[in-house]
Amino acid sequence: MDTIASLFSFITTPVSWVIVQFHSLYGALFGPDTGWAWGLSIVSLVILIRICLIPLFVKQIKATRAMQTLQPEMKKIQERYKNDKQRQSEEMMKLYKETGTNPLSSCLPILAQSPFFFALYHVLNSIASNDTIGVINDRLLESAQKAHIFGAPLAAKFTDGADKVEALGSSITDVRVVTAIMIVLMSLSQFYTQRQLMTKNVDTSVKTPFMQQQKMLMYVFPVMFAVFGINFPVGVLVYWLTTNLWTMGQQMYVIHNNPTPGSKAQAAYLDRLYKHVTHHGKTRNRRERAIVKAIVAKGRDRNDYERKFINGLSKAGLAAQSDGAVVKSEAAVATVTEDGTPTTTTAAAAQRRQQPKRQPKSKRQAAGGPKPAGGVEKTSASSTSLSKSDEPQDAEPTESAGKAAPKSGGGRSRAQSGQRKGPQRPKSSSKK
């Protein structure tokens, strides 16, 4: 422990100074020796640290999404070079370099918090050992030792013996009950945060080993907190429970307002955005315009939720612009379907649908005039019969006329039986 303390000694003094400043504020409200004054000082320290780490948290989100995007390519590299680990590592590093992705970026907030965590641990451990540290002098040390959170001293641990706990002015039962409850809450908050990430804010269309690792961590981290939590002082448990609750709330905000593309959270967000845009007829703020701009820029690479959103805007008579704005489409017209349901389509689609209907047969016959008795409409003689002047003159006209008569009368029957339609060429009556 002395080695760890020496490594983080450069930050022990600033951490103790921040705690003392908050203690002077809360001590004026609740009393300098109360658990509320010291406990809220630790909570305020967590909030101050997490506010300073917000830029790193944003970078973590971008790095995590970039890693999710690269998972299919990483899987191909693993399958291609599964027998050559060195080549596999080289290709992975090449992929990271080409895409500008750093796998360690997702761990930045945790790594940045580590110095503050160990510094606070060393400060509280020194209070339990009755040693001054940083700007905490003898007077503040005595005040911190008197502080109790729900009956448990600020520097007491779950594994402390009865003698040490009694020296801090408490009972071992109170210490173990309070620490056990805080360890359970700390583990549950960690589990819920990871589960919320896996069930709502992960692209469900990509199945990779990365997702399996995240599912495993969802169960491993809470167990680790439960195991190591029994060795943490009450003040450190307050610190870690507060930072878990902050992480959970921060992640809920991100999932609600800036979800991962392709996730269930994005589907819910685009449904809400569609209702807002169609109600107001435009995007309301810069964040909504950024979301719409990113969807429009994807083009054919949009996922199912994004295509549904763009198609919904088109049906509502709106058009998403490349700058993220949403305007009314001038080509949108309202049409009514056969069952009376109003819909909105483009003018071209409406024109295609409004084709003239075919009139009934009775109306067409009435418009064409009365039919002859035979049921066949008469046509001009020049187009339906042969001219007499075109027929050859035979030596025996009576015989040829008699032969031609049945042919003209039976022309309709022959046409119906599959023979050649139209006027037939007369046979020559010349004698051989």
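How many cavities of 30 Å³ or more does the count come to? The count comes to one. Before we look into that space, keep in mind that this is a predicted model. The protein chain has 432 residues, and 36% of them are buried.

**The whole chain**

- If you tally up the secondary structure of the protein chain, you get 19 helices and six strands.
- Take the contacts between residues at least 6 apart in sequence: 62% of these join residues at least 24 apart.

**Helix α11**

- Helix α11 runs through residues 234-257, which makes 24 residues.
- Here is a quick check you can follow: at 1.5 Å a residue, α11 should span 34 Å.

**The cavity**

- How do you find a hole inside a protein? Rolling a probe the size of a water molecule over the atoms shows where empty space is left.
- The largest cavity has a volume of about 30 Å³.
- Which residues line the largest cavity? They are I19, W38, I42, V123, L124, I127, I136 and L154.
- Two elements give two or more residues each to that lining, namely α3 (35-52) and α6 (108-128). Of the elements, α6 gives the most, with three residues.
- Sort the lining by class and you find eight nonpolar residues, no polar ones and no charged ones.

- S126 is found in helix α6, and α6 is the element that gives the most to the cavity lining.
- Is S126 buried or exposed? S126 has a relative accessible area of 8%, and anything under 20% counts as buried, so S126 is buried.
- Leaving out residues up to four places away in sequence, S126 touches D131, I133 and L141.

- F150 is found in the loop between β1 (148-149) and β2 (152-153).
- Phi of F150 is near 55°, which is a positive value in a residue other than glycine.
- Why point that out? Most residues other than glycine have a negative phi.
- F150 counts as exposed, because its relative accessibility is 68% and the cut-off for exposed is over 50%.

- K146 lies in helix α7, which covers residues 138-146. With 45% relative accessibility, K146 counts as partly exposed.
- K146 and S170 are 24 residues apart in sequence, and their C-alpha atoms are 9.6 Å apart in space.
- H276 is found in helix α12, made of residues 264-280.
- H276 counts as partly exposed too, at 31% relative accessibility.
- Which residues does H276 touch, not counting those up to four places away in sequence? H276 touches R284 and E288.

How values were computed. Residues numbered from 1 in each chain as written. Predicted model: local features only at pLDDT ≥ 70, side-chain atom pairs only at ≥ 80, totals over all residues. Heavy atoms only, no water. Helix = DSSP H or I, 4+ residues; strand = E, 2+ residues; numbered from the N terminus. Buried < 20%, exposed > 50% of the residue type's maximum accessible area, 1.4 Å probe, protein only. Contact = heavy atoms within 4.5 Å. Expected span 1.5 Å × (residues − 1). 1 Å grid on protein atoms, 1.4 Å probe; cavity = no way out; pocket = protein on both sides within 12 Å on 5 of 7 lines; lining within 4 Å. Points joined across faces, edges and corners; volume = space filled by probe spheres on them. Nonpolar A, V, L, I, M, F, W, Y, C, P; charged D, E, K, R; others polar.
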